Amino acid sequence: MGSLACFVFLLCASLGAAHGVYGRVGEVAALEESRRLQLHTDGDGSSGAVHAWPGYLYTRAVGRCTPQFWSSGAEPWPNIVPQEAAVAKVFGSRSMDRYGPRLTLLEATMRTDDVGGAPFVKLVKEGSAALLNAYTRRGFPLDSWEVKALLLEALVSEEAAAVQAERFEQANESCI
């Protein structure tokens, strides 16, 4: 597809047909760039530091069973695990030591700080989605009690958390 677009552009450019439009495209791109930078600045109109928004620097999977899907609100959550339920209440008191008493399931699925090797963050993010899938998706390979047990067992070390988070992620992404 990219080579076809390149060929069409080269053809139009060689015929001179794109000359008038080409200048306008550059102006529009410059305007959009200035708007984007304004959105990312300190917000007081001054030329402050530009801030990065975590989660927008990489492609995110949005299948029907991913954490991003569950955090989007595209489908109602099961009544047995509401969005505002605390991770510590749903997964048990052993998870409170790692995640605290206030982290909710919705917040766990919305996290974007798992990129770059934060295994416990990825574990709770993917584990929360796996639990929701276990309750709502026929044919999901894990039962709800298995998801809870596997998450708690993976809290023993970063290596165990990384391995189990990857398994949860694979199950979530292969779910239909």
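Gly139 sits in the loop between H7 and helix H8 (144-153), where helices are DSSP runs of H or I of at least four residues, strands are runs of E of at least two, and both are numbered from the N terminus. With 78% relative accessibility, Gly139 counts as exposed; exposed means over 50% relative accessible area, buried under 20% and partly exposed in between, using a 1.4 Å probe and protein chains only. Although Gly139 and Cys175 are 36 residues apart along the chain, their C-alpha atoms are separated by 8.0 Å.

A word on the model: it is predicted, with local features needing pLDDT of at least 70 and side-chain atom pairs counting only at pLDDT 80 or more, while totals for chains, interfaces and linings use all residues. Residues are numbered from 1 along each chain as its sequence is written, and side-chain values use heavy atoms, leaving out hydrogens and water.

Stepping back to the whole protein chain, you will find nine helices and zero strands. Of its 176 residues, 34% count as buried. Among contacts with a separation of 6 or more, 55% come from residues 24 or more positions apart, a contact being heavy atoms within 4.5 Å.

Now follow H7 (residues 119-136) to H9 (residues 158-174): their axes come within 8 Å and cross at roughly 35°. Those axes are lines fitted to C-alpha atoms over the stretch in contact, with angles running from 0 to 180 degrees between N-to-C directions. Residues meeting across this pair include Phe120, Leu123 and Ala130 in H7 and Ala161, Ala165 and Phe168 in H9. The residues of this contact divide into nine nonpolar, four polar and five charged; here Ala, Val, Leu, Ile, Met, Phe, Trp, Tyr, Cys and Pro are nonpolar, Asp, Glu, Lys and Arg are charged, and the others, Gly among them, are polar.

Finally, ring pairs link Phe69, Trp70 and Trp77 into a cluster. Rings of Phe, Tyr and Trp (its six-membered ring) pair with centres within 6.5 Å, and planes under 30 degrees apart are stacked, over 60 edge-to-face and the rest tilted. Phe69 and Trp70 have ring centres 5.6 Å apart and planes at 80°, so this pair is edge-to-face. Trp70 and Trp77 are also edge-to-face, at 6.2 Å centre to centre and 85° between the planes. Trp70 is buried at 0% relative accessibility, and Trp77 is buried at 9%.
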